[in-house]
Amino acid sequence: MVEKVYVTYNEVHKLCQASADQILNEFKPNLMIAIGGGGYVPARILRSFLKRPSAPNIPIQAIGLSLYEQLPSAKPSDPVETPGTKVTRTQWLDLSSLEMASLVGKNILIVDEVDDTRTTLEYAVRELQKDVETAARGLGSDEKAQFSIFVLHNKDKTKKGHLPQGMMDEGRYLAARTVSDVWICYPWEATDIDEHDKLAISQARY
């Protein structure tokens with residue numbers, strides 16, 4: 001049976017707060033790209049902690065990627081998901097607009113909730129790098145974007161996906177917390193937030 005761990009909004013907030021100084025001082029992001037749907041809330045919380053006095057908020061753009069698929073469960077009301085094998089784009093940046101051009105030469109922080117198999121993160125970095133290079137050529141620029149990654153949780157397991165070696169060597173990957181290979185239930189997935197929070201309190205693990 002899959003072990004489930006329930007995480008509250010309060011815990012997500014504190015994980016973002018605890019990671020903000022390192023992100024600000026080492027990654028120096030000009031822009032965030034949230035991977036939907038799990039990266040939206042952490043990115044918005046994180047933006048408040050990355051705000052410098054008298055400086056504008058760091059812009060957030062969004063992409064949508066899907067890897068998980070739902071499996072039958074013993075309880076119909078309690079479905080279990082498992083990582084799939086193919087990444088599907090559900091939302092992407094518009095290559096024909098200023099959206100992509102605005103990434104050229106920037107320090108870009110990719111935000112997601114969990115690094116499970118790493119397949120989604122590998123896809124996001126690879127495809128965004130390709131699209132930024134295309135946009136740079138269109139602008140007649142040789143500037144490159146530098147990507148970093150922030151996730152709330154990294155699962156301690158063998159990864160199917162791989163991130164650029166330079167990114168890992170330079171420490172441009174940060175997980176607020178590393179956990180065992182459990183199923184993490186985030187509050188934005190809950191249909192009954194009171195019940196979700198009760199389950200989180202009863203576990204008192206994370």
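Q: Trp-92 and Tyr-123, buried or exposed?
A: In this predicted model, Trp-92 is buried, and Tyr-123 is buried as well.

Q: Which aromatic pairs turn up in the whole structure, and how many are there?
A: The search over the whole structure gives three aromatic pairs. One of them joins Tyr-9 and Trp-188, whose ring centres are 6.3 Å apart and whose planes stand at 50°, so this pair is classed as tilted.

Q: Where do Tyr-9 and Trp-188 sit along the chain?
A: Tyr-9 belongs to helix α1, while Trp-188 is in the loop between β8 (183–185) and α6 (193–203), so the pair ties together parts that lie 179 residues apart in sequence.

Q: And how accessible are Tyr-9 and Trp-188?
A: Tyr-9 has a relative accessible area of 39% and is partly exposed, and Trp-188, with 21% relative accessibility, also counts as partly exposed.

Q: Back to Trp-92 and Tyr-123, what is the geometry of that pair?
A: Trp-92 and Tyr-123 form an edge-to-face aromatic pair, with 6.2 Å from centre to centre and 75° between the planes. This pair, too, links distant parts of the chain, since Trp-92 is in the loop between β4 (80–91) and α3 (98–101) and Tyr-123 is in helix α4 (residues 119–138), 31 residues apart.

Q: Which residues make up the aromatic cluster?
A: Tyr-9, Tyr-186 and Trp-188 together form one aromatic cluster.

Q: Changing topic: how do α1 and α2 cross?
A: The axes of helix α1 (residues 9–27) and helix α2 (residues 40–50) come within 8 Å of each other and cross at roughly 50°. The two helices α1 and α2 are therefore oblique to each other, and α1 passes α2 in a right-handed crossing.

Q: Which residues meet there?
A: On the α1 side the contact is made by Tyr-9, Val-12, His-13, Cys-16, Gln-17, Ala-20, Ile-23 and Leu-24, which meet Val-41, Pro-42, Ile-45, Leu-46, Phe-49 and Leu-50 in α2. Sorted by class, the contact of α1 with α2 has 12 nonpolar residues, two polar ones and no charged ones.

Q: What about Gln-22, where is that residue, and what does Gln-22 contact?
A: Gln-22 is placed in helix α1 and is partly exposed, with a relative accessible area of 31%. If neighbours within four places in sequence are left aside, Gln-22 is in contact with Phe-27 and Leu-174.

Q: How many residues apart in sequence are Gln-22 and Leu-174?
A: Gln-22 and Leu-174 are 152 residues apart in sequence, whereas in space their C-alpha atoms are 8.8 Å apart.

Definitions and conventions
Residues are numbered from 1 along each chain as its sequence is written. This is a predicted model: local features need pLDDT of at least 70, side-chain atom pairs count only at pLDDT 80 or more; totals for chains, interfaces and linings use all residues. Side-chain values use heavy atoms; hydrogens and water are left out. Axes are lines fitted to C-alpha atoms, for helices over the stretch in contact, and angles run from 0 to 180 degrees between N-to-C directions. Helices (H or I, at least four residues) and strands (E, at least two) are DSSP runs, numbered from the N terminus. Angles under 35 degrees count as roughly parallel, over 145 as roughly antiparallel, 65 to 115 as roughly perpendicular and the rest as oblique. A crossing is left-handed if the near helix is turned anticlockwise from the far one by less than a right angle, and right-handed if clockwise. Contact means heavy atoms within 4.5 Å. Ala, Val, Leu, Ile, Met, Phe, Trp, Tyr, Cys and Pro count as nonpolar, Asp, Glu, Lys and Arg as charged, and the others, Gly among them, as polar. Rings of Phe, Tyr and Trp (its six-membered ring) pair if their centres lie within 6.5 Å; planes under 30 degrees apart count as stacked, over 60 as edge-to-face and the rest as tilted. Buried means under 20% relative accessible area, exposed over 50%, partly exposed in between (1.4 Å probe, protein chains only).
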